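Reader: Could you take a close look with me at how the helices cross and how the chains meet? Please give each term its cut-offs as you go.

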Protein chains: 2
Amino acid sequence: MRPQEDRMEDLRSRALEYARRNRDVTLEQLVEFLGIPSVSQRPADKEHIRLAAEWIARRLESVPLERSEIMGTDGNPVVYAESMAAGPDAPTVMFYGHYDVQSAAPLNDWDNDPYEPVVIGDELFARGASDNKGMIMACVAAVEAAARAGELPVNIKFLIEGEEEIGSVNLPGFLSTHRELLSCDFVVNPDVGILGEDMPTIFYGLRGMFACRLKVRGPSQDLHSGGFGGVVHNPIHALCEIVAGLHDSEGRVVLPRFYESVRPLTEEEHAEMSSLPLDEDAYLRQSGAPELWGDKDYAPVERAGARPALDVVCIDGGTEKAAIPTEAAALLTVRLVPDQTPEEVRLQLTEHLEEHAPASVRWELENCEGFPASITDRKAPPVTALARSLERVWGSPPVFHRSGGSIAAVGQMQEILGVDSVLTGFSLPDDRVHGPNEKLHLPTWTRGIESLVHFLYELTGASGSQ
Amino acid sequence: MRPQEDRMEDLRSRALEYARRNRDVTLEQLVEFLGIPSVSQRPADKEHIRLAAEWIARRLESVPLERSEIMGTDGNPVVYAESMAAGPDAPTVMFYGHYDVQSAAPLNDWDNDPYEPVVIGDELFARGASDNKGMIMACVAAVEAAARAGELPVNIKFLIEGEEEIGSVNLPGFLSTHRELLSCDFVVNPDVGILGEDMPTIFYGLRGMFACRLKVRGPSQDLHSGGFGGVVHNPIHALCEIVAGLHDSEGRVVLPRFYESVRPLTEEEHAEMSSLPLDEDAYLRQSGAPELWGDKDYAPVERAGARPALDVVCIDGGTEKAAIPTEAAALLTVRLVPDQTPEEVRLQLTEHLEEHAPASVRWELENCEGFPASITDRKAPPVTALARSLERVWGSPPVFHRSGGSIAAVGQMQEILGVDSVLTGFSLPDDRVHGPNEKLHLPTWTRGIESLVHFLYELTGASGSQ
């Protein structure tokens, strides 16, 4: 096997060399990609969605890959590409990404146009710079480097969807329809970021999500607050009472049986999390909040990663008019951890509201949806291969962590394709993903590309094949 | 005095006859007036504000009145008109009105275009039909009828402002500057409506207003709710906790000393209010709320008219994105009763927030403004003259009541011009003032015009002059 190993090392060196030489070209391409405002929340942006899909499909074709195409779904299209040239004995890795971005509203909060990327020092500012176009381009650059170095050491698939920011609503249908096409050994999902510039991270857990709209209705028409103030229950007040009543004074969610199905942290996890440099100060610094909040029985890092959290992310009721409105509404999200299910939380919330919502208003839950949390085997070969790759570039082994975020695609792929996802990423906690002035830390991104190059070669050992 | 009295009765008959004959023309004019969307909340509507001011100035000129002009303020102009032909010994009555209207948003809730008035049966549907263009036109029609019958029995002034729906912010300045021009014996303010179709009403009290914006700020940037959910206090939750904590479980406001300066109801007032057909069923029917709410120590009619009320009329925070927002805000209004002051309520609210707002967020009060409640002498000659006029048309004496609404102009005129306002109106409780499908009940409006005609002649007796 020696000559084969030498050949791999030779290819790896050339690929790394290519990736370094080509880094600025990749950055220019990323800037072009970021210029397309492919927001999936707004139906008005369909044209931009199409442009972004076409852009990344062309880019994948030019890697070159054997096949690259835009495939329809009931919503925004999926871009699929592959190279199976490594042969049936080589592992097949599928890179997942999403070309859609979060809305950049409110634009006033941005220092620059979110769709005219600007590099300031080590940072690239644009909507999607970190989430997720920068990550897609890191994967593309790594695969391209390996392809240009000679031949690809493993089989490669790309699945780049256009609806991640709206819950990957049509991905399950797509996965079911194309189960065979998408078969692979595992998925690389670089949509989670790392814990710090000097802290490469592999995430082995993700929180799930339950989301719904809680609507509270009172009077049948807007009422003059002069004529009815003090006589009917203002739906805004009733909604506030309900929202205020969802947590106890210690920041714990009070829904019945809410924590019963929460899987406790193991001693090992607890020790690992304690060793992370994610103490109260780090969370205070990153958030800019006056003080931290939440269940004091758990450290902040545990609360964010391994405990469920309930947040009203949007509340809306009334107008500037001096009127008691007919209704008020809250968009409620619950980050789930194993082994909670969206359906059990929906039932708990319903039970809670039935018992505690004031009789002076009517309420309803609308648009209930969600997916469970997921957790991956930390000893699986692709995970250890990625760990070695990150260590080669950063010089220290990665930390293993559970992310507080939620990626619907991970659970869907586990369920429908039967494959685990290896979760990492090269965005930093202060990259303001989803917020104004989203950015990408370019030195970390560059290291990310090189790690992914290593990863392609580490996999050939890790898989035990050849 | 006999011939003079006969002459007055003769003029009154001719004026009533003219008003009846001219009623449909007046209605057509009202429809034209209502077609101008003179919303004062939106700076974009300045052109419509100007058109509405010009329209009513021209209309007043054609009454005819000796003088009618548009006069500048620091904001929307005031339309002023007068006839002083009755001479220095006759009383001078100033009709107050406002040509601005509330925004009609959300337009979807209207069955018809709010600015294309539609008559269905006895009702005229349009924004401003009741509040306040219909009332202005009733006053104009009555004065015109008296003018066309011969000569006006009293001196007449009209002050029609364009900023009532934004708190009459520039009226105090205008009143101060033109104190002499605006001198009069009393003001007729038909901006309060009546309690029922068969219940002509004179209001001798109005609630005042304290308004402010409560802003709650947490993290310095929007935070991904996956990364920070459960770790920082969501400003939406904090705001809900604050709003929920403003009332106790009985619906009483918990601000410190809040009820201390509230003037208790007299036995007479209590008896009068109890006799009104405004029981729980009436409030339930008018509001469409599932049940009533508020301090059970007081009847609904007392809570609405003679007790203070705190309402959040608007709440806003976050977006559809899964993010913990940097801030959330509530527009808070307090309807004041004698002898509360806006400033004391501001201090009470500040004290309450200092003690109870969670330390995990920052808060501030912005745009604090307000004016006190007002109360009028029920035995004053213009009040008794109006009572007789209403009785002549309706056949039963009016009820005396305190309105839960607030009209800044009333307090301002009391303070700056030293004149009381006689408060009535011809809109009904279900006219959806400020709401969608605002309407005017035309038979009541017609009776209103005739009552105002009577009023002009009753005043000559009431004043004791001539």
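Author: Gladly! A crossing is left-handed if the near helix is turned anticlockwise from the far one by less than a right angle, and right-handed if clockwise. This is a predicted model, in which local features need pLDDT of at least 70, side-chain atom pairs count only at pLDDT 80 or more, and totals for chains, interfaces and linings use all residues. Residues are numbered from 1 along each chain as its sequence is written, while chains are lettered from A and ligands numbered from 1 in the order in which they are written.

On the α2(B) side, the contact is made by Thr26(B), Gln29(B), Leu30(B), Phe33(B) and Leu34(B) (C-beta atoms, placed from the backbone, within 7 Å). Facing them from α4(B) are Lys133(B), Gly134(B), Met137(B) and Ala141(B). By class, that contact has five nonpolar, three polar and one charged residues (Ala, Val, Leu, Ile, Met, Phe, Trp, Tyr, Cys and Pro are nonpolar, Asp, Glu, Lys and Arg charged, the others, Gly among them, polar).

Now to the place where the chains meet. Helix α6(A), residues 235-244, and α7(B) have axes that come within 8 Å and cross at roughly 115°, and this crossing is left-handed. From α6(A), His237(A), Cys240(A), Glu241(A), Val243(A) and Ala244(A) take part; from α7(B), the residues are His237(B), Cys240(B), Glu241(B), Val243(B) and Ala244(B). Here the classes are six nonpolar, two polar and two charged residues.

Strands take part too. Strand β11(A), residues 309-318, is joined to β11(B) by five bridges, and the two run antiparallel (strands pair if DSSP finds at least two bridges between them). Asp316(A) has Asp316(B) of β11(B) as its bridge partner.

Stepping back, 74 residues of chain B are in contact with 75 residues of chain A. Elements giving two or more residues to chain B's side include α7(B), α9(B), β11(B) and β13(B). The most come from β11(B), with nine residues. By class, that side has 31 nonpolar, 30 polar and 13 charged residues.

Key
Contact = placed C-beta atoms within 7 Å. Helix = DSSP H or I, 4+ residues; strand = E, 2+ residues; numbered from the N terminus. Axes fitted to C-alpha atoms, helices over the stretch in contact; angles between N-to-C directions.
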